[in-house]
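Hi there,

Here is the structure I promised to pass on. Please have a look at it, and then read on for my notes.

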Amino acid sequence: MRTIPIPVDTHRLRFTCVKAARPRVIDQDSGKIKTDKDGNKVYESVLLAEDELGRIELVKVGTSGEPPIAPGQDVVPTGMVGYVWEIPSNGTARWGISYKAASIVPASGRPGSGGGDA
């Protein structure tokens with residue numbers, strides 16, 4: 001499957017950090033951390049995304065480098081894209097969308113402030 005980045009219009013959504021960023025582990029046995037093409041650690045943040053109608057979704061968003069955000073804080077992902085993935089499993093296929101952002105910053109401009117203006 002060819003992976004083409006799909007841009008996400010983040011201006012139509014409100015994001016709140018649910019779980020602090022942590023390095024993405026790609027091998028549980030060895031503890032190996034995922035890195036980007038420049039050798040920087042890739043971090044995953046769990047964000048709550050809410051649309052104009054109040055519908056919510058939890059999404060994991062990867063970034064190169066640790067974003068300065070904290071749980072409970074309104075945040076703004078910039079340059080966010082989605083990638084469709086598919087994994088064959090026991091004769092069927094599982095699929096989903098993974099998300100990556102160029103950066104995730106506090107909406108209030110203050111790391112760890114616990115909330116802000118979106």
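Below is what turned up in the pockets and the core.

Please bear in mind that this is a predicted model. The largest pocket has a volume of about 700 Å³. Its lining counts 23 residues, and Arg 24, Glu 44, Gly 62, Ser 98 and Tyr 99 lie nearest its centre. By type, the lining of the largest pocket splits into ten nonpolar, eight charged and five polar residues. At least two lining residues come from each of β2, β5, β6, β8 (81-89) and β9 (92-100), with β6 giving the largest share, seven residues.

Glu 44 is worth a click. This residue sits in strand β5 (residues 42-50), and its side chain makes a polar contact of 3.4 Å with that of Arg 24.

Among the residues lining it are Phe 15, Ala 49, Val 59, Met 80 and Tyr 99. Two or more of the lining residues come from each of β5 and β6, and β6 gives the most, three residues. This lining has eight nonpolar and four charged residues, but no polar ones.

As for the largest nonpolar core, eleven residues make it up, including Phe 15, Cys 17, Leu 47, Ala 49, Val 59 and Met 80. The elements giving two or more residues to this core are β2 (14-23), β5 and β6 (56-64). Cys 17 is in contact with Leu 47, Ile 69 and Val 75, among others.

Happy browsing!

Notes. Residues are numbered from 1 along each chain as its sequence is written. This is a predicted model: local features need pLDDT of at least 70, side-chain atom pairs count only at pLDDT 80 or more; totals for chains, interfaces and linings use all residues. Side-chain values use heavy atoms; hydrogens and water are left out. Helices (H or I, at least four residues) and strands (E, at least two) are DSSP runs, numbered from the N terminus. A polar contact is a pair of N or O atoms within 3.5 Å; within protein, one must be able to donate a hydrogen and the other to accept it, and residues adjacent in sequence count only if both atoms are side-chain atoms. A nonpolar core is a set of buried Ala, Val, Leu, Ile, Met, Phe, Trp, Tyr and Cys residues joined through side-chain atoms within 4.5 Å. Buried means under 20% relative accessible area, exposed over 50%, partly exposed in between (1.4 Å probe, protein chains only). Contact means heavy atoms within 4.5 Å. On a 1 Å grid over the protein atoms alone, a cavity is a set of points where a 1.4 Å probe fits but cannot get out, and a pocket is an open set with protein on both sides within 12 Å along at least five of seven lines; lining residues have an atom within 4 Å of a point. Grid points are joined across faces, edges and corners, and a volume is the space filled by probe spheres set on the points. Ala, Val, Leu, Ile, Met, Phe, Trp, Tyr, Cys and Pro count as nonpolar, Asp, Glu, Lys and Arg as charged, and the others, Gly among them, as polar. Lists of a residue's contacts leave out its neighbours within four places in sequence.
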